[in-house]
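Please prepare a short briefing on the model shown here.

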Amino acid sequence: MGYTSARNNVRRVGRRPVWIEALRLFGALVISLLLWEGILRLTVGAPAPFVQHPRLGWTPKPFATGFNGREGWSRSTYNELGFRDARIDPKPPGELRILCLGDSYTEGGGMAAARTFPKLLERSLGSPERLARLPGRPTSVRVINAGRAGTTMAYSVGLAETYQELVDPDWVVLQVRDYGEVLFDPIHEFRFVRAGADISFRNSWHQENVGAVKRALVSLGLRESAVCKFGLQRAKDFLRAASRQPTRDSAPKAQQPSSQTLRAVDWCVSQLRARYPRLVVVHIPYGSAASAALTSPQAEETRLVEDCKSNNVPVIPMRRWIERDYAVTRVPPFGFSNTLPWSGHPNEHGNALVANALLRFFDQVEATDNQKAAPESDE
Amino acid sequence: MSFTSLPFAVFLLTLLAGFAVLKSREQRMGWLLLGGVVFYGYWDWRFLLLIGFTSVFDYYMGQAIGAAKQPHRKRLLIADVVVNLSLLATFKYLNFFIDSANVALSAFGTRLGALEIILPIGISFFVFEAISYCVDIYRDELRPCTQWTEFALFIFFFPRMISGPIIRPADFLPQLQRRIELTTPNVIMGGQQFLVGMTKKLVIADNVAGFSDLVFGNPTAYSGFTILQATLAYSIQIFCDFSGYSDMAVGLAKVLGFDLPANFRTPYAAANLTDFWRRWHISLSSWLRDYLYIPLGGSRHGTLRTYLNLFITMTLGGLWHGASWHFVAWGALQGAGLAVHKFYLAQWPDTARARASLPWRVLSWLLTFAFVLVAWIVFRCQTLQDAGVCISRIVTNSTAGIQWISVPLLQVAVVVLLAHFAAAVMRTRKPVFLNPARFSHLVLILSWVVGIFFLAAANSSPFIYFQF
């Protein structure tokens with residue numbers, strides 16, 4: 001790129017006072033940020049605003065709509081409880097209600113709601129042939145997507161009674177993954193705290209956990225702006241990259257979990273068993289873009305599966321499902337067209353795999369229940 | 001320190017602040033020289049030993065060549081070139097030669113041990129510049145520097161030390177004779193060009209790098225179509241990375257009051273391979289032409305010799321990029337392509353009129369672009385075997401492996417190619433620059449900077465040409 005002398009093009013302006021220059025700069029910065037607010041909302045997305053629900057904690061604002069273009073491309077609408085689903089009315093007679101708890105893997109913010117595994121499961125289970133075979137012969141099936149981005153299985157423990165009361169599910173599907181140190185992250189409303197070699201379970205609501213910067217942004221009404229959300233996330237990504245930590249969209253660095261993490265997992269599973277009478281746990285491992293495969297199994301995954309078996313909690317480790325499917329189809333279950341294959345969240349194919357695995361589980365449940373019922377019917 | 005890093009920002013601000021304190025030309029020259037030493041030494045202080053030696057050795061050799069008469073003059077030049085190339089060969093190519101020799105020696109059950117040699121960053125650039133200094137003196141195209149600080153600043157001029165552009169002493173040294181100062185128009189123009197370079201590097205190159213690195217890191221896991229997209233991604237990555245760095249270097253130099261030559265001129269708009277090499281890495285291709293191709297005889301000794309000279313020049317140009325056979329193969333491919341183009345022009349001169357027609361130009365552009373893409377596969381892959389796998393999967397449209405469509409990549413590719421053609425069309429127009437004294441322009445500048453922050457890849461990869 002060649003440049004000629006710009007002397008003639010420079011408008012000679014007399015020196016302005018410093019405060020005028022500062023004001024000019026500030027005004028220009030505000031206008032540029034407003035411009036980018038518009039651009040980001042149109043392209044990357046305008047996430048739904050969050051509010052403090054009196055019982056559920058920090059959730060998307062009831063009936064709000066968010067737009068995500070960072071990973072995948074989708075619009076999300078939230079119901080009165082902040083779930084990415086339709087309004088939840090009292091359960092009508094004859095309805096089989098399945099509540100799907102989990103994190104962003106369940107919420108499925110990168111794709112249309114109808115493509116998430118809860119909704120795929122609902123469509124499959126809701127077919128007339130299946131309804132006729134299900135125990136109790138329900139007249140309808142409702143599978144609720146109650147995935148909450150940024151949460152862990154600790155939330156499902158802490159909110160068990162609330163969920164039971166508000167939703168009245170017949171079955172609960174809990175999607176988990178390897179959380180590692182995230183279980184101890186003080187930003188979470190339900191988390192574990194280390195006390196020497198021991199751990200304890202803690203609940204503190206969002207406003208108590210956030211720092212002064214975020215509180216200031218909330219009070220100024222800026223926290224929910226696309227510029228603020230995206231900008232803060234970018235700043236975190238740059239800092240993580242600078243300190244060589246994985247960014248938000250990448251799988252956590254493979255490292256053995258601490259003994260306290262494993263004890264937290266033990267405790268969670270035992271509590272889940274006690275609090276949810278009919279529960280199935282789905283474990284989704286992480287994908288690795290670099291190796292175009294799943295990351296190696298970590299101790300946390302192994303421990304979770306063992307705990308579930310010893311507590312008689314049905315568990316579906318998706319690892320085997322994914323490996324078998326990929327060997328045949330060569331379709332990565334993670335990644336979207338605007339990200340990389342095998343990176344980030346499960347895509348439509350990944351969600352279909354989970355839905356198929358759950359369908360197989362419920363078929364087995366139905367078969368078991370029918371087997372138990374058979375002697376009675378023979379009588 | 002990379003141009004896009006925080007330490008560099010601190011370094012630059014300190015350097016510019018020095019201009020406010022130091023007023024005379026000599027003081028500012030010394031300050032810039034010190035800045036260059038700090039900049040280069042920041043990578044590894046040991047690198048300073050070699051470049052310091054070059055700055056002293058070639059300064060005195062230049063003086064000796066300038067004062068000598070034939071045949072002693074020629075002997076001095078040969079000695080200078082041999083020493084410089086020996087340094088390059090030792091630090092950059094010795095282990096490559098050893099590995100290559102070991103392939104032959106393995107038949108005899110013996111091998112040579114590899115040496116642990118650090119590769120000084122930018123060696124390929126400053127060695128070439130030192131050689132051109134002495135050769136230009138020998139050709140009476142340049143007078144030797146009378147002060148070591150002037151020559152040292154030519155070698156240690158930090159904006160282009162690491163990845164070029166390769167500057168000619170005849171272009172740079174006269175600029176040291178004038179007043180070294182920061183002027184508002186230069187700061188504005190230079191700053192804008194720096195931002196352009198930063199955008200190309202951080203926003204485009206680093207973002208598409210994720211996809212191309214992923215696929216080329218494991219090509220057997222991907223289908224032919226995915227590899228084709230990765231090739232397109234790499235072609236965008238290497239252009240935006242390298243031309244982005246060049247823009248930053250030229251912009252920085254402009255801020256300091258120096259003019260460096262443009263290194264790229266919409267290369268992907270080239271209509272043929274010869275045209276491509278007049279637009280891509282211009283400082284290297286012109287250096288190779290003036291200091292290798294022409295001394296070899298150029299086109300003065302018949303057709304076959306011309307093709308051979310082209311082939312040798314480009315093959316060595318490939319080797320310059322790195323100590324590996326796939327770089328040599330890439331250079332040889334380019335040399336062969338240029339020879340074929342020359343042959344075509346010689347055999348069918350009557351097609352000149354047809355070649356000016358639009359369908360022919362489109363076809364010619366497509367063929368050139370396709371050839372350049374295939375060559376980039378050879379350049380990018382770590383081994384020739386990997387390159388073979390990639391090319392065969394593309395050619396056979398293999399569906400074995402992950403079939404992926406990267407929508408952002410395709411969008412970026414369209415934008416970059418359109419920008420190429422738009423820039424090629426607008427080249428003759430007066431360049432537009434943003435004047436922060438105007439409020440609307442200030443808004444645009446700040447929007448631009450904020451945009452770089454939002455759109456830059458979190459994991460910035462090192463500049464590709466740092467490894468050369």
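D140(B) sits in the loop between α5 and α6 of chain B, helices being DSSP runs of H or I of at least four residues and strands runs of E of at least two, numbered from the N terminus. The model is predicted, so local features need pLDDT of at least 70 and side-chain atom pairs count only at pLDDT 80 or more, while totals for chains, interfaces and linings use all residues; side-chain values use heavy atoms, without hydrogens and water. Residues are numbered from 1 along each chain as its sequence is written, and chains are lettered from A and ligands numbered from 1 in the order in which they are written.

**Backbone features of chain B**
- Most residues other than glycine have a negative phi, and most peptide bonds are trans.
- D140(B), which is not a glycine, has a positive phi of about 60°.
- D140(B) is exposed, with a relative accessible area of 64% (buried means under 20%, exposed over 50%, partly exposed in between; 1.4 Å probe, protein chains only).
- H281(B) also has a positive phi, near 40°, and lies in the loop between α10 (273-276) and α11 (282-296).
- H281(B) counts as buried, at 1% relative accessibility.
- The peptide bond joining Q70(B) and P71(B) is cis, with omega about -5°; P71(B) belongs to the loop between α3 (47-67) and α4.

**Helix packing in chain B**
- Helices α4 (residues 72-105) and α5 (residues 123-138) pack at about 175°, with axes 10 Å apart.
- α4(B) and α5(B) are therefore roughly antiparallel, a term for angles over 145 degrees.
- Residues in this contact (heavy atoms within 4.5 Å) include L77(B), L88(B) and F91(B) of α4(B), and V127(B), F128(B) and I131(B) of α5(B).

**Nonpolar cores**
- A nonpolar core is a set of buried Ala, Val, Leu, Ile, Met, Phe, Trp, Tyr and Cys residues joined through side-chain atoms within 4.5 Å.
- The largest core has 172 residues, and those with the most contacts inside it are M318(A), F8(B), F158(B), Y268(B) and W280(B).
- Helix α9 (residues 224-255) of chain B supplies the largest share of this core, 16 residues.
- Apart from it lies another core of 37 residues, including L81(A) and F192(A).

**Chain A overall**
- Chain A comprises 13 helices and 13 strands.
- Of its 379 residues, 49% count as buried.

Terms used: Axes fitted to C-alpha atoms, helices over the stretch in contact; angles between N-to-C directions. Parallel < 35°, antiparallel > 145°, perpendicular 65-115°, else oblique.
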